[in-house]
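Let's take a walk through this structure together, starting with the overall fold and ending at a group of aromatic rings.

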Amino acid sequence: EVQLVESGGGLVQAGGSLRLSCAASGVDFDDYAIGWFRQAPGKGREGISCIKSDGSIDYADSVKGRFTISSDNAKNTVYLQMNSLKPEDTGVYYCAEGCWNPLSYLLGIAWGQGTQVTVSS
């Protein structure tokens, strides 16, 4: 059974940084795709970044150049370093098995419980 647990959220001022962690159990780190998603207040979930075991990395335009995704296979953990945060980055951040489909949880795909990020202006 795949289980994902996010941590590292919090309250930060605009321009600040946070690093989110996604601890993944039950995931084969020799063959995986892990995505980060977020849900702003009153909006739907959106995919923001993806990392795969083949080394490929991708970002949504809204975070490109500010966020960096990485993985530590020895720790079965995926990270999201978030710099130059803006108030519009506020939301609940989730990691999930697979990338880019914000409704994959409806298909039984593993998602974490989310971690709140609040960016004050």
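What follows goes from the whole chain to its aromatic pairs.

Keep in mind that this is a predicted model. A compact globule of 121 residues would have a radius of gyration near 14 Å, and the protein, with 13 Å, agrees with that. Its C-alpha trace spans about 40 × 30 × 25 Å along the principal axes.

Next, consider the packing and the surface. Of the 121 residues, 41% are buried. Among contacts between residues at least 6 apart in sequence, 59% join residues at least 24 apart. The accessible surface comes to about 6,100 Å², and carbon and sulfur atoms account for 47% of it. As for charge, the protein carries 9 positive and 13 negative charges, whose mean positions are 9 Å apart.

Now for the rings. The whole structure holds 4 aromatic pairs. In one of them, the ring centres of Y94 and W111 are 5.7 Å apart and the planes meet at 70 degrees; that angle is over 60, so the pair is edge-to-face. This pair links distant parts of the chain, since Y94 is in strand 9 and W111, 17 residues away, is in the loop between strand 9 and strand 10. Y94 counts as buried at 10% relative accessibility, and W111 is buried too, at 14%. W111 also forms an edge-to-face pair with Y105, with 5.7 Å from centre to centre and 80 degrees between the planes. Y105, however, is partly exposed, with a relative accessible area of 36%. Ring pairs join Y94, Y105 and W111 with F37 into a cluster.

Terms used. Residues numbered from 1 in each chain as written. Predicted model: local features only at pLDDT ≥ 70, side-chain atom pairs only at ≥ 80, totals over all residues. Heavy atoms only, no water. Rg over C-alpha atoms; globule rule 2.2 N^0.38 Å. Buried < 20%, exposed > 50% of the residue type's maximum accessible area, 1.4 Å probe, protein only. Contact = heavy atoms within 4.5 Å. Areas by Shrake-Rupley, 256 points an atom, 1.4 Å probe, with all protein chains shown as cover. Lys, Arg positive; Asp, Glu negative; His and termini not counted. Charge placed at Lys NZ, Arg CZ, Asp CG, Glu CD. Phe/Tyr/Trp six-rings, centres within 6.5 Å; stacked < 30°, edge-to-face > 60°. Helix = DSSP H or I, 4+ residues; strand = E, 2+ residues; numbered from the N terminus.
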